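This report describes how two protein chains meet and how selected parts of each chain are arranged. Please keep the sequence and the structure in view while reading.

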There are 2 protein chains.
Amino acid sequence: MSNFFEVISQDLSSKARLGILKTDHGELQTPAFIFCGTKATVKGVLPTSLIEANTQIILSNTYHLMLQPGAEIIAKSGGLQKFTNWNGPMMTDSGGYQIFSLGHGSVSEEIKGKNQTGRNKSLLKITEEGASFKNYLNGDKILLTPEKSIDIQRNLGADLIFVLDECTPYNVDKNYTEKSMHMTHRWAKRCIQNFNTDNKNFKAQNGSAGLQKLYGIVQGGVYSDLRRQACEEICSMDFDGLAIGGSLGGTKDQMYEVFEFCSSFIDPSKPVHVLGIGGLDDILEGVEKGFDTFDCVSPTRIARHGVMLSKNKNKGINLNNSCFKNDDSPLDESAGLSIGKSYSKAYLHHLFKSNEILGMTILSIYNIWFMNNFFSEIRSSIHDQKFASFKKNILSNFN
Amino acid sequence: MSNFFEVISQDLSSKARLGILKTDHGELQTPAFIFCGTKATVKGVLPTSLIEANTQIILSNTYHLMLQPGAEIIAKSGGLQKFTNWNGPMMTDSGGYQIFSLGHGSVSEEIKGKNQTGRNKSLLKITEEGASFKNYLNGDKILLTPEKSIDIQRNLGADLIFVLDECTPYNVDKNYTEKSMHMTHRWAKRCIQNFNTDNKNFKAQNGSAGLQKLYGIVQGGVYSDLRRQACEEICSMDFDGLAIGGSLGGTKDQMYEVFEFCSSFIDPSKPVHVLGIGGLDDILEGVEKGFDTFDCVSPTRIARHGVMLSKNKNKGINLNNSCFKNDDSPLDESAGLSIGKSYSKAYLHHLFKSNEILGMTILSIYNIWFMNNFFSEIRSSIHDQKFASFKKNILSNFN
């Protein structure tokens, strides 16, 4: 365990910390951001560009890949890294988030790349055994069990993998959240049992993939007592890492409350991942609570819609705005990335107006660099015992 | 003129020749292929990737750029090279081809990026003055005259520019073709007059753009006598380069006949461009006739549909085919480009099945490299006096 994650520096005025997370595909400096490469590709970005933008790690989604191309094909290719030509660390989720979102309509729209009206009925049933859903590509009925999620993630071969959990949304009550949490804990034990059966031999079985590390997920919604119980139960199990999942509330205040609950009860000796968080302010709050990694589709998704990240604008800068039509200033003159200096806002405005995919590519690379640079600054500030003032500066310029 | 284009080696058994074409943004080794960057971007490909794939020159389209973002915005940015961050040689067409195609339905579909049923009525009228058409973005009526086409291309600032011609399609008769050809010649004179007015001062006026070179276009359809007349008239005018345009017939035999007509009557002291030709066999035929440059959307367009160029397959290799689902062999093990060796056919098959734009990017870069490599081999064969056997070898493996 100690080989896998090491805290190398601790902020004296908060729980913020610097760490190193070691995988068989390289080390992560934490805090770190994890970029989404949903269907085994960060949309429109070559791995060489990911490297130029200082990317440490990317995440792919089990749900999407089990349906297309299928985990066996990726295993046959030697695992995700060989398949995608991204040779750095990788994470896969368990498939749970997408499947349970099928009952709520939003993720399925993203999955199919189009907006739909009405609810999607792909989620059929959740039972103790697992989750049944319909394959959106061919209509087949599929049962995803905790064991099967681990098996699939074994085949995909990412370095960091997750237990199957039920990700409870904001709109369910405490009673449902509590029952679901207990089932998630029973599923967690089944995942560990499956995982431990052969993990030590896994590297030998699967040529290119490294020894995988398993993360447990803390559920419990917005309820302090449930989060405490979830932390205690998940931390008592034999996980390599821990993650905070499920509903983080409907407001930032609620989210930060949930961060606080979890931070109080979670085991600090293990790396802590926060699922689905990408706002700069939220990241700073999470880092302050001692959380180490964060993933979110937002930096690359907003890039594909023409929005450039900025430290001064909470929602980024929308290059579709007509004020950029004539603005031949570079995207970001001070960027430590040639793309920021070489392309003008007018050019990007033109590419988005023309529906040219190169606009998505250029802005995705920029936003990836931006997030990596932001995390690099976070790490420097922790190293220099200046995290509190760094956070304050960022938030005071935010509007 | 001699500074602009120099023949450095001549095949002894055909008209095939090696040349150097000098622009203010660098030299071209000819024969050379010119890739389409229609709306000021080779779709989905960063300029750095174009360079890695050995690209010498790209072409943008006046018609598209005059409508979006408008030539003035590009001029204000310092010309196409500064605007796009592609710092090598560039060509623009005159706008004619797209406008006249509006009357025939196909190019407008490409322009709007969708297939349409029924004919597009954007082309309003062709008169001696110029061509009237409707702006497909806002419905405005626009008159493109020969002078205006030159003015716009001045603002765009490419190194090699074209006269406005009427590009006659295959389905018009000889009478129409002949009348149209004469009007094209009158338009050519008006273009030259406009161009010569201030070309020598143009470099000083337009900071980044180089001294531009003007190409005349030989029309005349599939008729030997008209092609001869067109060659003689166009060659008698003060052009820097010559181009073969218009209908090249409905079959390969007719195309090669037109090549032969033009080759017999065209001035060999000037560089000769063939408009819109991208088939490997057709290129070899054109090179044999002494033609120096070729442009076509096909290498990148078929890439965006999942088709990989190959010396053994006339229509390329369609990676959408299910036989590639499990094929983890590299795209092209022997490619002199890391992308050919690093990505498997199974991965590209997956990206296209998943509608992931990275598939378009990877395959576009590969096809660009392929074409550049093909032309490099053509040049070596001419240099070594082995062009005839090179051509024979390629054609004998073609199916």
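Two strands are said to pair if DSSP finds at least two bridges between them. On this basis, strand β4 of chain B pairs with strand β5 (residues 58-60) of chain B, since two bridges join them, and the two strands run parallel. Within this pairing, C36(B) has L59(B) of β5(B) as its bridge partner. The model under discussion is a predicted one.

β4(B) has a further parallel neighbour, strand β14 (residues 293-296) of chain B, to which four bridges join it. Here I34(B) stands opposite D295(B) of β14(B).

## How β4 of chain B is enclosed

Why is β4(B) described as largely enclosed by the rest of the structure? Strand β4 covers residues 32-36 of chain B, and five of its five residues are buried, so the strand is largely enclosed by the rest of the structure. A residue counts as buried if 20 or more other C-beta atoms lie within 10 Å of its own.

In a regular strand, side chains alternate between the two faces of the sheet. In β4(B), A32(B), I34(B) and C36(B) point one way, F33(B) and F35(B) point the other way, and all are buried.

## Two further covered elements of chain B

Strand β12 (residues 241-244) of chain B is covered on both faces. G241(B) and A243(B) lie on one side, L242(B) and I244(B) lie on the other, and all of them are buried. Strand β11 (residues 213-218) of chain B pairs with β12(B) in the parallel sense over four bridges. In this pairing, the partner of Y215(B) is G241(B) of β12(B).

Helix α7 (residues 146-156) of chain B is mostly covered, with eight of its 11 residues buried. Among these buried residues are P146(B), I150(B), I152(B) and L156(B), and also R154(B). The residue G157(B) follows α7(B) and has a positive phi, near 80°.

## The three-stranded sheet in each chain

In chain B, three strands form an open sheet with the order β1-β2-β3 and antiparallel pairing. Which strands of chain B stand at the edges? They are β1 (5-10) and β3 (26-30) of chain B; each has a single partner strand, so one side of each is left without a neighbour in the sheet. From one strand to the next, the twist averages 15°. Strand β2 (residues 17-23) of chain B pairs with β3(B) in the antiparallel sense over five bridges, and L21(B) has L28(B) of β3(B) as its bridge partner. Helix α15(B) lies across β1, β2 and β3 of chain B and runs at about 125° to β2(B).

Chain A also contains an open sheet of three strands, in the order β1-β2-β3 with antiparallel pairing. Its edge strands are β1 (5-10) and β3 (26-30) of chain A, each of which pairs on one side only. Five bridges connect strand β2 (residues 17-23) of chain A with β3(A) in the antiparallel sense, and K22(A) stands opposite E27(A) of β3(A). Helix α15 (residues 357-383) of chain A lies across β1, β2 and β3 of chain A, at about 125° to β2(A).

## Domains of chain A

Chain A is divided into domain 1 (5-30 + 61-296) and domain 2 (306-381). The C-alpha centres of these two domains of chain A lie 30 Å apart.

## How the two chains meet

Chain B can be superposed on chain A by a rotation of 180° with 0.0 Å of shift along its axis, at an RMSD of 0.0 Å. Such a relation is that of a two-fold axis.

Notes:
Residues are numbered from 1 along each chain as its sequence is written. Chains are lettered from A and ligands numbered from 1 in the order in which they are written. This is a predicted model: local features need pLDDT of at least 70, side-chain atom pairs count only at pLDDT 80 or more; totals for chains, interfaces and linings use all residues. Copies are superposed by least squares on the C-alpha atoms of residues with pLDDT of at least 70 in both. A residue is buried if 20 or more other C-beta atoms lie within 10 Å of its own, exposed if 12 or fewer, and partly exposed in between; C-beta atoms are placed from the backbone. Domain bounds come from an automatic or database domain assignment. Two residues are in contact if their C-beta atoms, placed from the backbone, lie within 7 Å. Axes are lines fitted to C-alpha atoms, for helices over the stretch in contact, and angles run from 0 to 180 degrees between N-to-C directions.
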